[in-house]
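Reader: I have the sequence and the model open side by side. Can we go through them together, one point at a time?

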Amino acid sequence: MPVVTVATTPFEGQRPGTSGLRKKVPVFQQAHYLENFVQSVFNALDGYRGTALVVGGDGRYLNRQAAQVILKMAAANGFGRILVGRGAILSTPAASCVIRKYGAFGGFVLSASHNPGGPHEDFGIKYNATNGGPAPEKITEAVFAQSREIREFRILEAEDIDLDRLGETRLGDAVVEVIDPVADYAELMERLFDFDALAGLFRSGFRMRYDAMHAVTGPYAAEILERRLGAPAGTVINGVPKEDFGGGHPDPNLVHAHDLVAHMARPDGADLGAASDGDGDRNMIVGRNFFVTPSDSLAVLAANARLVPAYRDGITGVARSMPTSGAADRVAEALGIACYETPTGWKFFGNLLDAGRVTFCGEESFGTGSDHVREKDGLWAALMWLSILAGRRGSSVEEIVRDHWRRFGRNYYSRHDYEAIAADAAEGLMANLRAHLGSLAGATLAGRKVKTADDFAYTDPIDGSTAAKQGVRVLFEDGSRIIYRLSGTGTEGATLRVYLERFEPNPARHDIPTQEALADLISASRDLAEIEKRTGMAAPTVIT
Ligand code: VG1
Ligand code: CO
């Protein structure tokens with residue numbers, strides 16, 4: 001099988017965003033587009049000759065074909081062993097688990113996460129490093145630099161590998177091993193959680209509904225919940241991964257997981273509802289007629305961690321992305337543990353997790369995880385909630401959250417997304433905000449005094465690396481916040497995200513509908529950024 005060196009020319013715009021390179025499928029289908037990016041990753045790495053690489057994805061359109069290309073390129077570039085999930089499937093947390101477990105050099109995760117899939121929808125590719133986590137910016141920027149200079153790539157001229165048969169095949173000088181995509185991950189979950197206790201909960205008649213949204217988590221959830229924990233068949237819905245996710249957005253939130261939300265509002269609804277996204281790293285938690293915000297979920301998990309065997313001795317610290325509410329901070333303070341605030345994107349948690357500074361991490365965007373892998377993990381979060389419900393038998397999801405608010409106070413929180421706005425309008429809006437930051441401190445907005453206004457910058461406490469311009473923050477004296485940032489995962493125009501938060505210590509005021517509780521901050525956020533004038537949008541497209 002000859003290795004061939006193919007001449008190529010650079011493509012514009014191969015800079016990885018918040019989570020890898022995401023583009024429309026036809027962009028990836030251009031000759032050499034994928035190859036250029038993959039070779040740029042290899043060119044940016046050092047010392048991988050003879051080591052192992054992990055490859056897998058969320059099963060979306062183009063997943064299999066892209067995996068075949070990567071296998072042949074990895075072999076041609078000198079990897080010794082390539083582990084690939086059967087059917088080229090690996091959820092993002094499972095890929096992280098496999099990289100760590102087998103000591104691989106790194107891995108490729110093929111996914112555009114919660115973005116729709118199909119011939120005209122989105123595809124994506126992300127490189128994860130030796131710790132199993134998304135490559136830090138040092139690497140992604142080096143990849144981008146390589147992508148602008150690339151002149152050739154290396155690939156093996158070989159037949160496609162049979163991705164549906166477990167076992168080893170030679171590919172040039174490398175060995176490809178097709179592995180069960182679920183087994184290693186399921187075994188890890190079995191070590192973290194008390195499966196006997198969880199099975200007992202189901203035996204007692206507890207009912208769960210897990211919506212895999214036709215995406216990658218179906219086989220994982222079916223194996224763990226239905227087969228290992230004995231939950232009744234039908235607990236997992238939309239459990240067969242489809243290339244186009246059944247035509248929907250595999251995004252577990254109140255808008256896109258509306259069927260689950262509607263089921264949970266019924267008097268005969270399940271006791272716990274959960275959903276995950278395209279690649280299985282996000283989660284939504286719902287109780288009977290009760291939605292748990294991801295920020296609250298992180299705080300509740302931190303406060304109840306000791307109910308789970310893996311965290312029985314306590315957690316060392318928590319980290320949350322800057323726009324995520326401060327609910328977890330209050331728990332950290334009460335527990336006397338560290339709390340870190342990082343830029344958006346899981347790659348910023350890696351160093352803190354590796355150094356043992358934090359055990360749990362979370363983002364407002366339906367992401368929660370722990371040091372068991374280096375990615376957020378949707379099914380893990382659902383198992384955490386199951387464990388809390390098993391440990392506090394008789395309490396409902398709603399009661400657990402309300403108890404939490406009584407103890408720690410409630411952080412009213414919402415995110416307003418303005419999607420598909422013209423890129424220059426979005427840039428202009430952010431530039432205008434930045435230009436006015438200096439004059440905001442001391443001003444009064446929504447009847448509140450602005451304490452500080454800045455553009456969030458982060459210095460990693462472990463390696464000193466820095467990240468600037470991570471979101472405009474307007475911080476009020478009473479602890480309320482308005483945050484603005486542009487999405488780094490979209491593939492069409494720009495998306496403005498506005499994050500709104502207000503703290504309410506008084507339990508007598510914990511029953512206000514969220515949008516009402518935040519109404520004055522919401523209208524101030526629109527005026528201050530001149531959202532309607534600059535984008536033509538009077539209201540957001542998605543509210544979570
Ligand atoms: C979004 C979320 C961010 C998350 C990222 C990847 O990024 O806001 O919190 O880490 O998606 O999640 P952005 O730049 O669009 O705001 V996943 O599950 O899409 O890989
Ligand atoms: Co995802």
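**Loops, ligands and buried sites**

Author: Start with H32, which sits in the loop between helix 1 (25-28) and helix 2 (33-44). Keep in mind throughout that this is a predicted model.

Reader: What is phi of H32 near?

Author: H32 is a residue other than glycine. Even so, its phi is positive. The value is near 75°.

Reader: Is H32 buried, partly exposed or exposed?

Author: Buried needs under 20% relative accessible area, and exposed needs over 50%. H32 has 25%, so this residue counts as partly exposed.

Reader: Which class does N289 fall into, buried or exposed?

Author: N289 lies in the loop between strand 13 (283-287) and strand 14 (290-292). N289 is not a glycine, yet its phi is positive, at about 55°. Its relative accessible area is 58%. The cut-off for exposed is over 50%, so N289 is exposed.

Reader: Now the ligands. Which residues come nearest to ligand 1?

Author: There are 20 residues around ligand 1. Those that come nearest are T18, S365, G488, T489 and R497.

Reader: How far is an oxygen atom of ligand 1 from an N or O atom in the side chain of H114?

Author: R485 places a polar side-chain atom 2.7 Å from an oxygen atom of ligand 1. For D281, an N or O atom of the side chain is 2.9 Å from a ligand 1 oxygen. For H114, the value is 2.6 Å.

Reader: Which residues are the protein donors of the cobalt ion (ligand 2)?

Author: The donor atoms lie 2.0 to 2.2 Å from the cobalt ion (ligand 2). One is an OG atom, and the others are OD atoms. The residues are S113, D277, D279 and D281.

Reader: With which side chain does the side chain of H416 make a polar contact?

Author: H416 belongs to strand 19 (residues 410-421). Its relative accessibility is 3%, so H416 counts as buried. The side chain of H416 makes a polar contact at 2.9 Å, and the partner is the side chain of Q515.

Reader: What distance separates the C-alpha atoms of F360 and D371?

Author: F360 is in strand 17 (residues 360-363). With a relative accessible area of 0%, F360 is buried. F360 and D371 are eleven residues apart along the chain. Their C-alpha atoms are separated by 6.6 Å.

Reader: And what distance separates the C-alpha atoms of G391 and A197?

Author: G391 is in helix 13 (residues 378-391). At 46% relative accessibility, G391 counts as partly exposed. Along the chain, G391 and A197 are 194 residues apart. Between their C-alpha atoms, the separation is 8.5 Å.

How values were computed:
Residues numbered from 1 in each chain as written. Chains lettered and ligands numbered in written order. Predicted model: local features only at pLDDT ≥ 70, side-chain atom pairs only at ≥ 80, totals over all residues. Heavy atoms only, no water. Near = heavy atom within 4 Å. Polar contact = N/O pair within 3.5 Å; in protein donor to acceptor, adjacent residues only side chain to side chain. Donors = N, O, S within 2.8 Å, 3.2 Å for Na, K, Ca; no water. Helix = DSSP H or I, 4+ residues; strand = E, 2+ residues; numbered from the N terminus. Buried < 20%, exposed > 50% of the residue type's maximum accessible area, 1.4 Å probe, protein only.
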